[in-house]
Amino acid sequence: MMAEPLLRELRETLDGAGLRGSFLVRDLGTGQEIGIEPDLPYPTASLVKVPLAVATLDRIRRGVLDGAEEVHVRPGSDTVPSPPIGLGGFRHPARVAVEDLLFLSMAISDNTAAEMLFARTPPDAVSTTLQDLGLTGITVRHTIRDLSSTPNERFDPAETHFAHTLAIEAGTAGRGHSVPQLDVTRASSGTARAYIDLLQALWRPSAIAPEVAERVRALMAGNMLRQRLAPDFSSDSTRWSSKTGTMLNLRHEIGVVEHDDGQWYAVAALTESRVPATAQPEAEAVMGSVARRLRDHLRAGA
């Protein structure tokens, strides 16, 4: 009950920034947690690259895949429509090892690298791995190429607000949507709690093989997209490891903050905006502030 005034205030803060959000912060030492609608499912966009990394590394560990296999990348025919970063910005053919595709997929959220990983570990194989590990609540239904085919790609850059308006207005009360990538029954989806469970399995002993968990933690520590929650969790006395997810009006991030005093907190922030704009620095700042205040509440009671 002591948290209720804080939660009401944070909901009002999110609303003032044009956001609806699902947040959960868990103390990985005690299991105590605090959240805002943590069991509300969202399409998870690039967050799916974390379970993809887990499944790919587990298949490498078991000898199903060769991490040193060189993958031939042909610009245009192999690349996925996306901002020109990573392999999507290449102008000439290249060869990239499977394990280096993992780095690109996680560090800069390279969609082409993730698509090539899905070609070797398809969505149903990722789902099977999660089930075998006892992790529920995360669905993996399609590859990155399917995720990238949204109305946003059909408009000129100056007209993308039309795609965002459609994303905002075409949803249903039951979390359905006329845009398939935003429909939780058709898109890869998950809840803040499910992704916190995955983070706990990666940072604490679990059914995930230790070498797999260690490598995924290192990949998340190398995330270069740090405009969202990182400013509120990075300092000289903390380590922030995370993965972002962005699509149309969705802005997500999951991560773990490790304090030098030994306290570790898993953080999940899944949000949707009702503001039809691509660049929303205020929304990014509010996401970080809300997540930090939830962490501060747990830390103060430790």
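How many of the 12 residues of H8 are buried? I looked this up in a predicted model, where local features need pLDDT of at least 70, side-chain atom pairs count only at pLDDT 80 or more, and totals for chains, interfaces and linings use all residues. Residues are numbered from 1 along each chain as its sequence is written, and side-chain values use heavy atoms, with hydrogens and water left out.

**Entry: H8.** I found that 9 of the 12 residues of H8 are buried, so the helix is largely enclosed by the rest of the structure. I took buried as under 20% relative accessible area (1.4 Å probe, protein chains only). Helices (H or I, at least four residues) and strands (E, at least two) are DSSP runs, numbered from the N terminus. Among the buried residues of H8 I noted Tyr195, Ile196, Leu198 and Trp203. H8 covers residues 192-203 and reaches 16 Å from its first C-alpha to its last, close to the 16 Å expected; the expected span is 1.5 Å times one less than the number of residues.

**Entry: H3.** I recorded that 7 of the 10 residues of H3 (98-107) are buried, so this helix is also largely enclosed by the rest of the structure. Val98, Leu101 and Met106 are among them. The cover over these residues, by contact (heavy atoms within 4.5 Å), includes helix H2, helix H9 and strand E8. Just after H3, I noted a positive phi of about 55 degrees at Ser109.

**Entry: the sheet.** I read an open sheet of 3 strands in the order E3-E7-E6, with antiparallel pairing. E3 (42-43) and E6 (138-139) stand at the edges with a single partner strand each, so one side of each lacks a neighbour in the sheet. Pairing requires at least two DSSP bridges between two strands; E6 and E7 (189-190) have 2 bridges. Thr139 stands opposite Ser189 in E7.

Technical notes
Buried < 20%, exposed > 50% of the residue type's maximum accessible area, 1.4 Å probe, protein only.
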